Amino acid sequence: MTLMSEAAVIQGRTLPRGFAWTTLVASIVASAAIFLALALAQVTPEFNVAGAAVVGAILYLVLVGVISRLVEGRRKSIDRVMAGVITAAFLIALIPLISLVATTAADGINRFDMQFFSSSMRNVVGAGGGGLHAIIGTLLVTGAATIISVPVGIMTAIYLVEYGKGRLAKSITFLIDVMTGIPSIVAGLFAFALFALVFGPGIRFGIGGAVALSLLMIPVVVRSTEEMLKLVPNELREASFALGVPKWLTIVKVVLPTAIAGIITGVMISIARIIGETAPLLIIAGLSTSMNYDLFSERMTTLPVFVYTQYTIQGADAQAYIDRAWTGALVLIIIVLLLNLIARIIARVLAPKGSR
Amino acid sequence: MTARAKARLGDRVFQAAAMGAGLLILVALAAVAIFLIAKAMPALVASPEELKRDGTDFWPYVPPLIFGTVWAAFLALLFALPLAVGIALFISHYAPRKLAQGLGYAIDLLAAIPSVVYGLWGILVLAPAVRPLYEWLVNNVGWFPLFAGPVSGTGRTVLTVAVVLAVMILPIITALCREVFLQTPPLHEEAALALGATRWEVVKMAVLPFGRAGIISATMLGLGRALGETMAVAMVLSPSIIISFALLQSQNPTTIAANIALKFPEATGLGINALIATGLVLFAITFVVNALARVVINRRKEFSGAN
């Protein structure tokens with residue numbers, strides 16, 4: 001049997017080109033017909049789309065597997081079935097992701113108006129109000145976290161790539177790995193523990209949130225910068241040394257400019273990562289319905305916390321709160337997308353000439 | 001390379017600054033450990049009466065939370081891992097070339113969607129959508145312990161949470177796996193093709209063995225995120241402090257992170273200390289997972305032909 005099927009492969013006895021597509025269409029039509037019949041016969045209350053798709057897919061895999069095995073042999077048949085399974089995995093994963101983006105866009109658009117971007121939630125009960133205080137809070141807290149993280153992260157990466165040798169560099173690398181795995185809520189607890197020891201247990205302010213976010217952001221910045229610095233060819237450094245340029249000037253004038261596009265991309269992506277953090281801010285930055293421009297005093301709401309509280313603390317007119325939550329989510333997603341897009345563009349524009 | 005030049009002032013300052021940044025990270029992490037322990041200590045040594053947590057001690061309070069954390073993360077990984085490897089293979093080796101880059105970009109973007117949005121979607125879209133399925137499962141395969149009834153009326157069960165977590169960690173695992181699969185040496189693949197291998201055989205013989213360390217590290221990263229994920233769980237799950245394997249009931253074991261997020265705003269006095277102590281436990285768990293991942297990856301690296 002095996003010998004025969006091997007022979008089939010070698011002889012190249014194959015199914016016609018459109019075989020897979022034809023079978024796919026046939027299976028889906030057959031499956032849809034079955035489910036339509038079930039619906040018409042009142043067995044199921046309505047036409048079950050999900051059921052039809054699942055049965056159609058299984059039917060396709062079985063048909064392709066069996067027919068291909070009979071005509072083309074065992075190995076070709078496994079190949080075809082696995083291609084189907086892998087494509088199916090991709091399609092299955094698309095369902096929740098598309099649903100997520102589509103729902104956020106569809107429900108978020110309800111309150112995506114001028115009022116949302118021009119007013120806070122101060123004294124608002126029920127409909128109306130907006131997320132301006134949360135947007136300002138997000139910009140301030142994320143900005144502060146970036147100002148703390150980027151210099152520390154880039155300098156650490158420079159140390160690791162250009163200077164680091166021996167035990168200190170090894171332990172820093174290890175600790176960066178550990179930091180990457182810190183759950184965000186633990187970062188929030190740390191910031192709380194730190195500031196509560198200094199200012200008392202009731203402390204809630206924006207800068208605490210920024211410290212917690214830096215803890216999450218620094219390892220991402222270090223990692224991406226490290227990768228980028230490692231990509232800088234050693235010849236460039238050696239050429240610079242050969243001209244008698246000091247090491248620190250070589251780093252500042254040669255290594256960093258060569259890697260700058262990648263570094264900025266990494267920073268943007270790390271900002272996109274932390275801008276959606278909720279848990280640490282819930283703990284240390286607290287809740288507020290009013291505008292607050294001061295990082296160092298009073299509670300400060302950010303967009304993710306705004307979304308969370310709009311959902312969890314609903315007033316009498318629940319739909320108004322849920323609408324605001326979706327709009328907050330939509331604004332967040334748009335910000336994240338924009339950051340990613342800008343990162344890509346910067347990477348394109350600043351990429352060193354001739355290396356592409 | 002390092003010629004013995006005389007040390008310049010600029011060099012010394014710059015090196016000191018770089019090293020200082022590195023040391024700052026050491027100090028920061030030490031501070032995390034020290035402050036958390038300092039704040040957790042009162043709860044660890046307090047007597048049951050003082051803790052007034054249903055009159056129980058701290059230590060009996062933690063195991064259900066640990067169980068919930070690990071159980072939810074494990075279920076999420078169970079869903080996410082096969083799918084993620086499938087998607088990564090699809091993008092790297094099956095999808096048409098022109099489509100592949102766009103798909104990879106889309107996956108990268110999805111990794112950046114904030115967890116609170118996943119939470120909102122989980123509770124407002126997913127939970128109502130899966131309720132009929134849960135009822136069907138309980139009615140038809142309820143004899144199987146995992147699907148034991150009575151079914152939850154809201155769909156806010158640990159299974160829903162696991163699906164949301166799986167969707168969240170899917171892009172992370174996929175992105176890393178794809179990177180690794182794309183790095184498979186073309187010579188390995190071409191050699192397999194030249195021997196007459198089919199596409200699946202190329203994947204099985206060249207791509208997957210080469211990417212094994214990468215898959216493991218991606219899995220561990222996903223696991224770490226699932227373990228520490230707070231908002232999606234806090235929003236979707238209807239929580240209780242129990243140990244139960246049942247997937248579809250309205251009583252679900254909650255996770256450490258979600259428990260902290262839900263209880264912290266109202267906590268006072270020793271309650272805060274107890275929550276911080278559970279946070280310390282979570283920190284320890286994720287630390288162990290990450291350390292294990294590191295050991296596995298470092299060991300595999302020597303054999304995989306990478307580097």
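At what angle do the axes of helix α7 (residues 166-180) of chain A and helix α1 (residues 9-45) of chain B cross, and within what distance do they come?

Modeller: Happy to! This is a predicted model, in which local features need pLDDT of at least 70 and side-chain atom pairs count only at pLDDT 80 or more, while totals for chains, interfaces and linings use all residues. Residues are numbered from 1 along each chain as its sequence is written, and chains are lettered from A and ligands numbered from 1 in the order in which they are written.

The axes of α7(A) and α1(B) cross at roughly 50° and come within 10 Å. Axes here are lines fitted to C-alpha atoms, for helices over the stretch in contact, with angles from 0 to 180 degrees between N-to-C directions; helices are DSSP runs (H or I, at least four residues) numbered from the N terminus. That angle makes α7(A) oblique to α1(B), oblique being what remains after under 35 degrees (roughly parallel), over 145 (roughly antiparallel) and 65 to 115 (roughly perpendicular). The crossing of α7(A) and α1(B) is left-handed: the near helix is turned anticlockwise from the far one by less than a right angle, whereas clockwise would be right-handed.

Now for the residues. From α7(A) come A:Leu168, A:Ile172, A:Leu175, A:Ile176, A:Val178 and A:Met179, and they meet B:Gly22, B:Ile25, B:Leu26 and B:Leu29 of α1(B). Contact means C-beta atoms, placed from the backbone, within 7 Å. By class, this contact has nine nonpolar, one polar and no charged residues; Ala, Val, Leu, Ile, Met, Phe, Trp, Tyr, Cys and Pro count as nonpolar, Asp, Glu, Lys and Arg as charged, and the others, Gly among them, as polar.

Stepping back to the two chains, 70 residues of chain A are in contact with 66 residues of chain B. Helix α4 (residues 74-108) gives the most to chain A's side, with 19 residues. That side has 53 nonpolar, ten polar and seven charged residues.

For comparison, here is a crossing within chain A. Helix α6 (residues 132-163) and helix α11 (residues 247-275) pack at about 140°, with their axes 10 Å apart. That makes α6(A) oblique to α11(A), and their crossing is right-handed. Among the residues making the contact are A:Ala145 and A:Val150 of α6(A) and A:Ile263 and A:Val267 of α11(A). The classes here are ten nonpolar, three polar and one charged.

Methods. Helix = DSSP H or I, 4+ residues; strand = E, 2+ residues; numbered from the N terminus.
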